[in-house]
Amino acid sequence: MSTVVSVINQKGGVGKTTTAVNLATALAAVGKTALVLDLDPQGNATTGFGIGKNRGRHNSYGVLLGLVDPREVIVETYVSGLFVIPSTIDLSAAEVELFSQKDRESKLKKAISNLEYDYILIDCPPGFGLININALNASNKVIIPLQCEFFALEGLAQLFSTIQSVKSAVNKDLIVSGILLTMYDRRNSLSATVANDVRSHFKNLVFNTVIPRNVKISEASSHGTPVILYDIRSAGAIAYIELAREFLSKELR
Ligand SMILES: Nc1ncnc2c1ncn2[C@@H]1O[C@H](COP(=O)(O)OP(=O)(O)OP(=O)(O)O)[C@@H](O)[C@H]1O
Ligand SMILES: [Mg+2]
């Protein structure tokens, strides 16, 4: 069975997609098999791997709604052992379509239960809709990227309470693997202040690894490639490789 990890934060633009794409790439680089499930209608993880967005049902929309076998829609990447289920804008209709279905909160769990990868990383959309409830329900673990900015902590209590509700209702083994500080800017004292606040509040729930603000990361995504492949020596690539190492070491504990 796969370990399913939701990369989630209801806030937009905090580094969810960047983390899903690069952590998966780093895991594949150390010999794990990894699948990125793009569950965001924006499809940024899909384009982040230079993959086109298929309309119709051969994508995460079809998988989520149980219209298609996930094996039929999995796309190979140019990284050995790394695969993607692409997304499409059609997924934005899924929230409404799921609403009338009786097993609306567990569709995804059922759909991906037979997939065999070491890790399935779900790139979650911002917000708190049924798509994200499905992601949490289908997951063993959660990674929460947190941008080192003012208001970073805003909404975090709500996210933890949503995770707690999913735990008590349907998925008691769900665990928070860690909070990941992203876009850390060492020239900006606010970054350090936010990082200290988060660490003093959440203690060892916060990954030691910090993802710096690094222009190579945004350049790489505009080139449709993970930063680890775009510039392995960049600070961004090094940080995501370090995150994979830390993530795997937490798995052993
Ligand atoms: N560490 C970083 N340094 C510089 N730019 C970054 C970094 N992390 C992410 N970015 C850039 O910031 C933007 C937002 O990042 P990303 O798409 O990963 O966030 P997100 O949480 O997935 O956003 P959304 O909520 O819209 O899905 C992207 O353009 C990305 O390339
Ligand atoms: Mg995203």
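In which helix does valine 198 lie? Select helix 8 (residues 189–202), where valine 198 lies; helices here are DSSP runs of H or I with at least four residues, and strands are runs of E with at least two, both numbered from the N terminus. This is a predicted model, in which local features need pLDDT of at least 70 and side-chain atom pairs count only at pLDDT 80 or more, while totals for chains, interfaces and linings use all residues. Residues are numbered from 1 along each chain as its sequence is written, and chains are lettered from A and ligands numbered from 1 in the order in which they are written.

Show next Leu146, Leu153, Ile179, Leu181 and Val206, which valine 198 touches when residues up to four places away in sequence are not counted, contact being C-beta atoms, placed from the backbone, within 7 Å.

Move on to helix 6 (residues 130–138), which is largely enclosed by the rest of the structure because nine of its nine residues are buried. Its buried residues pack against elements including strand 1 (3–7), strand 5 (119–123) and helix 7 (156–169).

Finally, select valine 36, whose contacts, leaving aside neighbours within four places in sequence, are Ala20, Val21, Ala24, Ala45, Val84, Leu121 and Asp123.

Definitions and conventions
Buried ≥ 20, exposed ≤ 12 C-beta atoms within 10 Å, placed from the backbone. Contact = placed C-beta atoms within 7 Å.
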